[in-house]
Amino acid sequence: MQNWEIRNFKKENYSDVARIYQMGIEGRNATFQKEVPTLEAWEQKYLDVCRFVVMEDGVAIGWAALLPFSGMPSYRGVAELSIYIDPAAAGKGIGTALMAHIVSESEKAGFWTLQSLVFPENTASIALHKKFGFKTLCVHEKLGEMDGVFRDVALLERRSEITGK
């Protein structure tokens, strides 16, 4: 039986979001970031729409949010997706449910293209994206530096079949 639910992000969820983000940083396979942003920086980074948390027993165990692709009006329907799941919650179907939710809600909000930048070694994330129709457009070789090593980054993209035709 599922005992978790997806809700809109609220400021009081940020400590859990930050905890999950920190685990992504420490895992060295989710982000180039070295520090969790403050709530203020996080709110500036992510769009006001399509910010979701997965709640279980009053604690967020996953989150997803969209970043702007560009400030140009012609790209208003394009966003970059961030999705993070607490490793302790793996295997519960949370990533699948959260991805389905943000894809659906992003289309309702008028987004026609979602992009993600994912380390190719993050096979679970790549598989989750592929499950929802994301295609690998390219792999940027040695795009960013982490711990003295330049890492490749895959660019994945999903084009809506509903919005922006």
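Leu47 lies in the loop between helix 2 (39–45) and strand 2, where helices (H or I, at least four residues) and strands (E, at least two) are DSSP runs numbered from the N terminus. The structure is a predicted model, in which local features need pLDDT of at least 70 and side-chain atom pairs count only at pLDDT 80 or more, while totals for chains, interfaces and linings use all residues. Residues are numbered from 1 along each chain as its sequence is written, and side-chain values use heavy atoms, with hydrogens and water left out.

Leaving aside residues up to four places away in sequence, Leu47 touches Leu66, Leu67, Pro68, Ala79 and Phe111, contact being defined as heavy atoms within 4.5 Å. Leu47 and Glu80 are separated by 33 residues in sequence, yet their C-alpha atoms are 9.8 Å apart in space.

Strand 1 (residues 4–8) runs antiparallel to strand 2 and is joined to it by five bridges, with Glu5 standing opposite Met55. Strand 3 (residues 59–68) also pairs with strand 2 in the antiparallel sense, over five bridges, and here Val54 has Gly62 as its bridge partner. Strand 2 and strand 3 form a hairpin with two residues between them, and Asp57 in the turn has a positive phi of about 55°. Strand 4 (residues 78–85) and strand 5 (residues 113–118), by contrast, run parallel and are joined by three bridges.

Strand 2 is mostly covered, five of its five residues being buried; buried means under 20% relative accessible area, exposed over 50% and partly exposed in between (1.4 Å probe, protein chains only). Both faces are covered, with Phe52, Val54 and Glu56 buried on one side and Val53 and Met55 on the other. Cys50 counts as buried because its relative accessibility is 8%, whereas Cys138, at 30%, counts as partly exposed. The structure holds zero disulfides, a disulfide being a pair of cysteine sulfur atoms within 2.5 Å.

Turning to the helices, the axes of helix 3 (residues 94–108) and helix 4 (residues 123–131) come within 10 Å and cross at roughly 45°. Helix 3 is therefore oblique to helix 4; angles under 35 degrees count as roughly parallel, over 145 as roughly antiparallel, 65 to 115 as roughly perpendicular and the rest as oblique. The contact is made by Gly95, Thr96 and Met99 of helix 3 together with Leu128, His129 and Lys131 of helix 4.

Asn122 is found in the loop between strand 5 and helix 4. With 19% relative accessibility, Asn122 counts as buried, and this residue touches Asn29 and Ala30, not counting residues up to four places away in sequence.

Terms used:
Pairing = 2+ DSSP bridges. Axes fitted to C-alpha atoms, helices over the stretch in contact; angles between N-to-C directions.
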